[in-house]
Amino acid sequence: MTTLINESLAGALPAVREFISRPKQLFIGGRWVDAVSGKTFETHDPATGQVLTTVAHGETADIDKAVTAARKAFEGEWRLWTPAQRQRLLFRASETIRARADEFAQLESLDNGKSAAVALAVDVAWTAEIFAYYAGWATKIEGRTITPSVPWIPGSQWHAYTLREPIGVCGQIIPWNFPLVMAAFKIPAALACGNTIVLKPAEQTPLTALLLAEVLAEAGLPDGVLNVVTGFGDAGAAIAAHDDVDKVGFTGSTEVGKLILNAAGGNLKKVSLELGGKSPQIVYADADMDVAVPGTASGFLFNHGQTCTSGTRLLVEDRIFDEFTQGVAEVAKSSKIGPGMDPATQVGPLVSQVQQNRVTGYIEQGLADGARALAGGQRHAGTGYYVEPTVLVDVQNTFSVYREEIFGPVVVATPFNAEEGPRTAANDTMFGLAASIWTRDISKAHLTAREIQAGNVWINCHNAFDSALPFGGYKQSGWGRELGEGAIDLYTQTKTVNVAL
């Protein structure tokens, strides 16, 4: 495998340069191995379009090997580990991630395009915290005792209890927008419960998943407990369809989620899905403008709009609509565009040219349909996969920019009347992942939150996550809840034991 050292790496840490220069193999059964086919693929720096390195191209045969290794580990040494042992391992991993935070942040920036400074402060810090959070859960997964009646056996006495047991081999498929954090949403919860894993990172962003596998191996994870297969959609499809995979956890688009669900039907494996969104940000006229203008702008610009919870539908009370949208447009126009390795960058490149073309195609269609751009509206000049932060008004709810997930720095703004309220417009979508409400009236905020069909509702903020708060969607935004105790439910199954005394 070859590495093309280019200007992208000029400011990178020696450890990052060394990691990128090494062969990028699959991690199966505790060993670094080439793909069965011997094939590789390239991963690129979105800021320049240049090749960073080449990565092993895993396919169905590699998934078979990884599942076999995971099954062997699940039925072997790993099954004998105590909860306290699993806890200590996850704590060690958390501390190592913190110690190597700059490495992870730069690697995430180079592979994904996001700001290294933001990746350090948010992605890496949160990843370490999630590992620590689920380390604490490892020793707190409990069953219950129950007193049965069994009335059709008079005079009988019983001792009944439940056990929370691991599901088994878990296939985990993660997206490219938050590669490290999405791995952290899935891996530590599954390990805390005693499962084994086959992880398939997105082909656009495989690097931090490989570094994470290295960290967990060094922390003492037994061979085969975590397996990482880098590859394309066929590898993910092989995980979903595999008869020896007991559970699939997928984060990605709603369209692919439906394919995952269909493929998983062969052995009726358990499935959890965190899918797309078209999240409303509802702004009442009594909102604090000094907070709401930059807050809603951040709601659709964070991570360059490549966020499933991105607040891409701005619903503003009509009597402040023009003033408010102009304010948001000014924030968008003044945002500094640049590479993620530049500390001053506020909006970086999209992950790939394919994504850049997708986003600009939506903008062009929206303008053709009759929308008007208060800010942005086109590609950003120069090399790299940049799109100008874009604010569109004069948008109808039939436009594709209003209805479909764009996954870029684009927001559509529409007014609502205070008497009619925002409920109808807010819920006018097949998605139901997130929403935010901006108002000084706390009663109005809570009443509106009740009306919104979404799994996550924020008040006077957007994208305010925490490891202890359940995360997931309504409607076609997914099944199940990650983070918090909800993830323990995803990765355990209940066994009932009833004893006749």
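This is a predicted model: local features need pLDDT of at least 70, side-chain atom pairs count only at pLDDT 80 or more; totals for chains, interfaces and linings use all residues.

Student: Which residues does the "domain: Aldehyde dehydrogenase" annotation cover?
Tutor: In the unreviewed UniProt entry, that annotation covers residues 32-497. The span is 38% helix and 20% strand, and its end C-alpha atoms lie 42 Å apart. Helices (H or I, at least four residues) and strands (E, at least two) are DSSP runs, numbered from the N terminus.

Student: What does UniProt list for "active site"?
Tutor: The unreviewed entry lists E274. You'll find E274 in strand β11, residues 270-274.

Student: Is E274 buried or exposed?
Tutor: E274 is buried, with a relative accessible area of 4%. Buried means under 20% relative accessible area, exposed over 50%, and partly exposed in between (1.4 Å probe, protein chains only).

Student: And what is E274 in contact with?
Tutor: Leaving aside neighbours within four places in sequence, the contacts of E274 include C308, F250, M182 and F471. Contact here means heavy atoms within 4.5 Å.

Student: New topic: how many aromatic pairs are there?
Tutor: The rule goes like this: rings of Phe, Tyr and Trp (its six-membered ring) pair if their centres lie within 6.5 Å; planes under 30 degrees apart count as stacked, over 60 as edge-to-face and the rest as tilted. By that rule the count is 12 aromatic pairs. One of them is W126 with F465, a stacked pair at 5.7 Å centre to centre and 25 degrees between the planes.

Student: Why does the pair of W126 and F465 tie together parts that are apart in sequence?
Tutor: Because W126 lies in helix α5 (residues 116-137) and F465 in the loop between β19 (456-459) and β20 (474-475), the pair ties together parts 339 residues apart in sequence. W126 is buried at 15% relative accessible area, whereas F465 is partly exposed at 29%.

Student: How are the rings of W458 and F465 placed?
Tutor: Their centres are 5.3 Å apart and their planes at 80 degrees, so that pair is edge-to-face. W458 is buried, with a relative accessible area of 8%. Ring pairs link W126, F185, W458, F465 and F471 into a cluster, and F471 also turns up among the contacts of E274.

Student: What about the largest pocket, how much space lies in it?
Tutor: About 850 Å³. Of the 37 residues that line the largest pocket, the closest to its centre are W176, F250, G252, S253 and V256. Helix α9 gives the largest share of the lining, 5 residues. As for terms, on a 1 Å grid over the protein atoms alone, a pocket is an open set of points where a 1.4 Å probe fits, with protein on both sides within 12 Å along at least five of seven lines; lining residues have an atom within 4 Å of a point. Grid points are joined across faces, edges and corners, and a volume is the space filled by probe spheres set on the points.

Student: Last one: what is phi of N303?
Tutor: Phi of N303 is near 60 degrees, a positive value in a residue other than glycine. N303 sits in the loop between α10 (289-301) and β13 (313-317) and is buried, with a relative accessible area of 7%.

Conventions:
Residues are numbered from 1 along each chain as its sequence is written. Side-chain values use heavy atoms; hydrogens and water are left out. UniProt positions are given in the numbering used here, feature names are shortened, and annotations may be inferred rather than shown by experiment.
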